[in-house]
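I opened a new notebook page for this structure.

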Amino acid sequence: MKPVGVLTFIQTMNYGAELQGFALKRTIEHLGYPSEMVSYVNGAVAKREAVRLPGVADLAHPRRLVKMLINYQSNKKRFEGCRSFSNTHNAFGVVIDSLKGIYDIYDAVVVGSDQVWNPKLTDGDATYFLPQVGAKSLKKIAYAASCGEAFDVLEHEGSYREMIEGFDAVGIRESYAADKLRKMLDCEIESVLDPTLLVDSAEWSTIEKSPDAPDDFERFVFVYLVAEHEKALEYACRVAAERNLKVLAIDSMGLPKKGVTYVNDASPENFLWYVHHADCVVTSSFHGTCFSVLYGKEFWYSLPEGSDRSKSRIVDLLDRLGARGGEVHLDGSAIAPISVDSSSLQMQREASLHFLENALAALKEEK
């Protein structure tokens, strides 16, 4: 049997992107199918993820300029850490630069997770929708694909709808997006968990790696911010003071804050270690939330100012798991931290695995 291709964003310095790709590939293998990452790079995503020094255009934005200069070396090391993680833990197929190349190599492809169906993010790259090329048929499965908030594009561009309807099975990551797409498309849509949540904490623990000087971080609050939200960092410092903890943060969005130890150069393996060994977590990240849930952490989350809670990936996930509270508000207040019941996660995990297993089963039938 040929390997099942996993088509997602690669060559990033985003922990969520790297870890969800690994998790999806690993889960497919656990279900009994050989798998490899499709070595296809989207130009728009690669440009956004590139580590660079400030350019002329950045001079007009002093705050951004300072942050770029401060974080250049740590971002460079983080990018290298992500490359090392991928090379160590993921098997890649031959480099592909066209949709035809995917059809030439694979008989089955699983597209997902991440915002692979957000044309605004990929600059309209239809590759992630796997339109038909030539006469060869391709088994097409979407697992935890996300379109972000690009519903307007999918709704008004008929070609995207037709391509999605051509999939053999469609699993969408956000339940609110699944509801929206059911009304737009003539195909079955299921809501499934992010792939990171399909791999249990024991397995994640086998690949985590402690930082160079773990003794310096005996007890700490771990902060992971992907949207600038200074109140979240202030709240973490308040929790740390109350509990006599240190504050460790991955936050390249804001300027450095006194009393905070920054670990912005962490590799994906280090990131897992920080979440696992933290006393508690404060995050504005969806995948920061996922791993806090996986490791059974006490945690708080923050949303960007002015964000629509009804379209928040974090809120959507926590609602599905029956969790309440834990949001850091703009005034710096928060209620009791979140702690998710593991039985809720297990129930959702089993349903998502059932979807993926059924979607892949046809490969054995066609063998």
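First, a term I need: a crossing is left-handed if the near helix is turned anticlockwise from the far one by less than a right angle, and right-handed if clockwise. Helices (H or I, at least four residues) and strands (E, at least two) are DSSP runs, numbered from the N terminus.

I note that this is a predicted model, where local features need pLDDT of at least 70, side-chain atom pairs count only at pLDDT 80 or more, and totals for chains, interfaces and linings use all residues. Residues are numbered from 1 along each chain as its sequence is written, and side-chain values use heavy atoms, with hydrogens and water left out.

**Entry 1: a helix pair**

I looked at helix α11 (residues 268–277) and helix α12 (residues 286–294). Their axes come within 9 Å and cross at roughly 55°. That makes α11 oblique to α12. Axes are lines fitted to C-alpha atoms, for helices over the stretch in contact, and angles run from 0 to 180 degrees between N-to-C directions. Angles under 35 degrees count as roughly parallel, over 145 as roughly antiparallel, 65 to 115 as roughly perpendicular and the rest as oblique. The crossing of α11 past α12 is right-handed.

Which residues make the contact (heavy atoms within 4.5 Å)? I found F271, L272 and V275 on α11, and H287, G288, F291 and S292 on α12. These residues divide into four nonpolar, three polar and no charged. Here Ala, Val, Leu, Ile, Met, Phe, Trp, Tyr, Cys and Pro count as nonpolar, Asp, Glu, Lys and Arg as charged, and the others, Gly among them, as polar.

**Entry 2: the open sheet**

I traced an open sheet of seven strands, in the order β3-β2-β1-β4-β5-β6-β7, with parallel pairing. Two strands pair if DSSP finds at least two bridges between them. The edge strands, β3 (92–95) and β7, each pair on one side only. Helix α1 (residues 15–30) packs on the sheet and touches β1 (4–7), β2 (35–39), β4 and β5. The direction of α1 makes about 145° with that of β2.

Next I followed β6 (residues 169–172). Three bridges join β6 to the parallel strand β5 (residues 139–145), and A142 stands opposite V170. Two bridges join β6 to β7 (residues 190–191), also in parallel. There, G171 faces E190 and I172 has S191 as its bridge partner.

Is β6 covered on one face or both? Both: A169 and G171 on one side, and V170 and I172 on the other, are all buried. Buried means under 20% relative accessible area, exposed over 50%, partly exposed in between (1.4 Å probe, protein chains only).

**Entry 3: strand β8**

Five of its five residues are buried. F220, F222 and Y224 lie on one side, V221 and V223 on the other. In a regular strand the side chains alternate between the two faces of the sheet. β8 pairs in parallel with β9 (residues 246–250) over five bridges, and V223 stands opposite A249.

**Entry 4: backbone angles**

Most residues other than glycine have a negative phi, and most peptide bonds are trans. I went looking for exceptions. The peptide bond from G112 to S113 is cis, with omega near -5°. S113 sits in the loop between β4 (108–111) and α5 (119–122).

L130 has a positive phi, near 50°. L130 is in the loop between α5 and β5 and is buried, at 0% relative accessible area. A144, in strand β5, has a positive phi near 60°. A144 also counts as buried, at 0% relative accessibility.

Note on methods. Contact means heavy atoms within 4.5 Å.
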